[in-house]
Amino acid sequence: MPTAVITGASSGIGAALAVELAARGWTLALGARRVERLEEVARAAREAGGQAHALALDVTDPASIESFWRGAEARIGEIDALISNAGHATLGPLVECSDAELAADVTVNLLSHLWMAKRALAKMIERHRGDLVFVGSDVAVRPKPELATYTACKAGLEALARSLAMETHDFGIRTLVARLGATATEFGADLSDARRGAAVGLWQRWGLHLTLDLVAVQRAAKAIADALAIPASEGGIVLFELLPTPTPR
Ligand SMILES: NC(=O)c1ccc[n+]([C@@H]2O[C@H](COP(=O)([O-])OP(=O)(O)OC[C@H]3O[C@@H](n4cnc5c(N)ncnc54)[C@H](OP(=O)(O)O)[C@@H]3O)[C@@H](O)[C@H]2O)c1
């Protein structure tokens, strides 16, 4: 049975993907900071038919990454796929973001993917196989104001994926980017209505907020699982985009 590590599996896309892959027979190590939520997701994944273990992980802390990874390998063995999904966005004009917020956003949305991929690749290169999956965003190609740091990180994530795909091609490693549009999750749930309203107004003014619809989280999870099911024997890169379908209003 294939094995995967999923970061940010305590809610949203990571949690839905855990259940989707478990239903397809995967064995999973799930990481996030909210361990109780993670335990619930692991239980749902086992009920769906796979194996799943919940392990504490803060992707912004290299020591936590190392201890998570050791725990994952001890429980599920060699890792076939890394699904690097954890993310967070601070919304607002750059001048109003504190230096600490900027550093935190870059760490979770870009640096952590480098740390996780580096840790995964060491063993994948030895084995001459493996999948690196990065959960990206359509802001990578349609940048949004008041999301400057997040936008820059998601654009950087795609560049990082392309670079790694070439660097690891000769080792049979495949890199996959899921470029998702607005998806129905808890993402941004910590934002005030006023903050969100101001940003959406600006996005509409620049023609960037074309629909109020959202991608269903199970649809996003299924798309990622389907992409992972493509035979990976020749390595390379797969990039797909999944956007909401506007309904007539
Ligand atoms: N929802 C959208 O509209 C949308 C669109 C495009 C792309 N995405 C991307 O999809 C990914 C998942 O987001 P989501 O929409 O599913 O939102 P979500 O429900 O808020 O999930 C975010 C996940 O990231 C985890 N996380 C955040 N900081 C972390 C940290 N320091 N260490 C470990 N885990 C951390 C959270 O877990 P804990 O808080 O428990 O640590 C949570 O499990 C993100 O990369 C996001 O950029 C989302």
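**Helix packing and the nonpolar core**

The axes of helix H3 (residues 62-76) and H4 cross at roughly 35° and come within 11 Å of each other in this predicted model. The H3–H4 crossing is right-handed. On the H3 side the contact is formed by Pro62, Ile65 and Trp69, which meet Trp115, Met116 and Arg119 of H4. Of the residues in this contact, five are nonpolar and one is charged, with no polar residue.

Helix H4 (residues 99-127) also packs against helix H5 (residues 148-168), at an angle of about 15° and with the axes 9 Å apart. Because angles under 35 degrees count as roughly parallel, H4 is described as roughly parallel to H5. The crossing of H4 and H5 is right-handed. From H4, the residues in contact are Leu102, Asp105, Val106, Asn109, Leu110, His113, Leu114, Ala117, Leu121 and Ile125; their partners in H5 are Thr149, Tyr150, Cys153, Lys154, Gly156, Leu157, Leu160, Leu164 and Thr168. The residues of the H4–H5 contact comprise twelve nonpolar, five polar and two charged.

The largest nonpolar core contains 69 residues, of which Ala18, Leu28, Leu30, Leu82 and Val133 touch the most other members. Helix H1 (residues 12-23) supplies the largest share of this core, eight residues. With residues up to four places away in sequence left out, Leu82 touches Val5, Met116, Ala117, Ala120, Leu132 and Val133. Among these partners of Leu82, Met116 also takes part in the contact of H4 with H3, and Ala117 in the contact of H4 with H5.

Notes: Residues numbered from 1 in each chain as written. Predicted model: local features only at pLDDT ≥ 70, side-chain atom pairs only at ≥ 80, totals over all residues. Axes fitted to C-alpha atoms, helices over the stretch in contact; angles between N-to-C directions. Helix = DSSP H or I, 4+ residues; strand = E, 2+ residues; numbered from the N terminus. Parallel < 35°, antiparallel > 145°, perpendicular 65-115°, else oblique. Left-handed = near helix turned anticlockwise from the far one by under 90°. Contact = placed C-beta atoms within 7 Å. Nonpolar A, V, L, I, M, F, W, Y, C, P; charged D, E, K, R; others polar. Core = buried A, V, L, I, M, F, W, Y, C linked by C-beta atoms within 7 Å. Buried ≥ 20, exposed ≤ 12 C-beta atoms within 10 Å, placed from the backbone.
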